[in-house]
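Hi,

Have a look at it first, then read on.

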Amino acid sequence: MKKSQFYVIGNWKSNKSIDDVVVWCQDFATLFTREPVMTETLKVVLCVPFIHISTIKSLIALNRLPLRLGVQTVSSFAQGAYTGEVSAAMLKDLVEYTLIGHSERRNYFKETDQDLGEKVKQTKNAGIEPVYCIPNETAFIPDQVNFVGYEPVWAIGTGKAESPENANKVAAAIKARANRTLRVIYGGSVTADNVAAYATMEHIDGVLPGGASLKPDTFHRLIVNASHI
Ligand code: PGA
């Protein structure tokens with residue numbers, strides 16, 4: 001089935017020094033020049049640590065890379081006396097997307113549905129698109145969400161991806177229970193080798209690779225393979 005839009009949303013998690021980011025962009029630019037892959041239907045987003053936003057933004061412009069920027073979380077507070085927090089209002093001119101409720105945030109940082117709902121509100125107010133991550137089809141999804149990241153916890157970072165057919169069934173169930181149009185992005189051990197199978201599934205609108213986004217060659221290959229849809 002031909003899709004009008006397919007998303008590849010890389011998640012660097014807590015990785016990379018500034019030097020690593022510069023090398024990643026240079027290497028990605030070389031690969032991209034050799035094999036330019038963007039089709040009209042493919043949107044590639046990189047969710048990077050806050051500290052790398054400005055570096056990568058200038059490298060994207062310099063090398064004309066077809067990448068959009070996102071972050072991995074935002075504060076649940078608007079702004080003000082919240083030491084250490086980065087608010088959506090601070091990010092509004094810098095990124096287009098943010099992950100919210102990734103299982104690592106829920107697990108290690110004890111983020112609750114209520115916290116995540118606040119984050120969605122702040123993000124929407126700032127004009128940033130939240131990609132709201134959930135572990136299964138029954139998890140709560142706030143009303144304002146248009147992008148859902150379906151990520152079974154057992155598939156994250158394990159090399160054991162959910163089968164495209166099962167992921168498609170869950171994506172269909174998530175869509176069926178919503179009273180609006182949702183895009184569902186699958187995450188959990190997505191690689192260059194399996195991405196095409198997800199891309200051909202009717203209800204899967206994108207993928208969310210973590211490990212496979214860390215190296216420019218694996219990420220580039222994944223994008224190339226996703227573009228054959
Ligand atoms: P993974 O991570 O691709 O390394 O499994 C996915 C994620 O956590 O978003």
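One term before we start: a residue is called buried under 20% relative accessible area, exposed over 50% and partly exposed in between, using a 1.4 Å probe and protein chains only. Bear in mind that this is a predicted model, where local features need pLDDT of at least 70, side-chain atom pairs count only at pLDDT 80 or more, and totals for chains, interfaces and linings use all residues. Numbering runs from 1 along each chain as its sequence is written, and side-chain values use heavy atoms, with hydrogens and water left out.

**Aromatic rings**

With 0% relative accessibility, W12 counts as buried. W24 is buried too, at a relative accessible area of 1%. How are such rings compared? A pair of aromatic rings is described by the distance of the centres and the angle of the planes. Here, rings of Phe, Tyr and Trp (its six-membered ring) pair if their centres lie within 6.5 Å; planes under 30 degrees apart are stacked, over 60 edge-to-face, and the rest tilted.

There are 10 aromatic pairs in the structure. One of them is W12 with W24, an edge-to-face pair at 5.1 Å centre to centre and 70 degrees between the planes. W12 sits in the loop between strand 1 (6-11) and helix 1 (18-34) while W24 is in helix 1, so the pair ties together parts 12 residues apart in sequence. (Helices, H or I with at least four residues, and strands, E with at least two, are DSSP runs numbered from the N terminus.)

F28 and F219 make a tilted pair, 6.3 Å centre to centre with 40 degrees between the planes. Since F28 is in helix 1 and F219 in helix 8 (residues 216-226), this pair ties together parts that are 191 residues apart in sequence. Both F28 and F219 are buried. Ring pairs join W12, W24, F28, F32 and F219 into a cluster.

**Pockets**

The search used a 1 Å grid over the protein atoms alone: a cavity is a set of points where a 1.4 Å probe fits but cannot get out, a pocket is an open set with protein on both sides within 12 Å along at least five of seven lines, and lining residues have an atom within 4 Å of a point. Grid points are joined across faces, edges and corners, and a volume is the space filled by probe spheres set on the points.

The largest pocket has a volume of about 310 Å³. It is lined by 15 residues, of which K13, S14, Q72, R105 and F109 are the closest to its centre. Helix 4 gives the most to this lining, with three residues. For the classes, Ala, Val, Leu, Ile, Met, Phe, Trp, Tyr, Cys and Pro count as nonpolar, Asp, Glu, Lys and Arg as charged, and the others, Gly among them, as polar. That makes the lining of the largest pocket seven nonpolar, five polar and three charged residues.

The second largest pocket holds about 210 Å³ of space. Of its 21 lining residues, G157, S189, P209, G210 and G211 are the closest to its centre. Its lining has seven nonpolar, 12 polar and two charged residues.

**Helix 5**

The expected span of a helix is 1.5 Å times one less than its number of residues. Helix 5 (residues 113-125) has 13 residues and should therefore span 18 Å; its end C-alpha atoms are 18 Å apart, which agrees. Buried in helix 5 are L116, G117, K119, V120, Q122 and T123. The buried residues of this helix pack against helix 3 (88-91), strand 4 (97-100), helix 4 (103-108) and strand 5 (129-134). After helix 5 comes G127, with a positive phi near 80 degrees.

Most residues other than glycine have a negative phi. R64 has a positive one, near 50 degrees; R64 is in the loop between helix 2 (53-63) and strand 3 (68-71) and is exposed, at 72% relative accessible area. K110, also not a glycine, has a positive phi of about 55 degrees. K110 lies in the loop between helix 4 and helix 5 and counts as exposed at 58% relative accessibility.

**One more contact set**

T55, in helix 2, counts as buried at 17% relative accessibility. Leaving aside neighbours within four places in sequence, T55 is in contact (heavy atoms within 4.5 Å) with I18, V21 and V22.

Cheers
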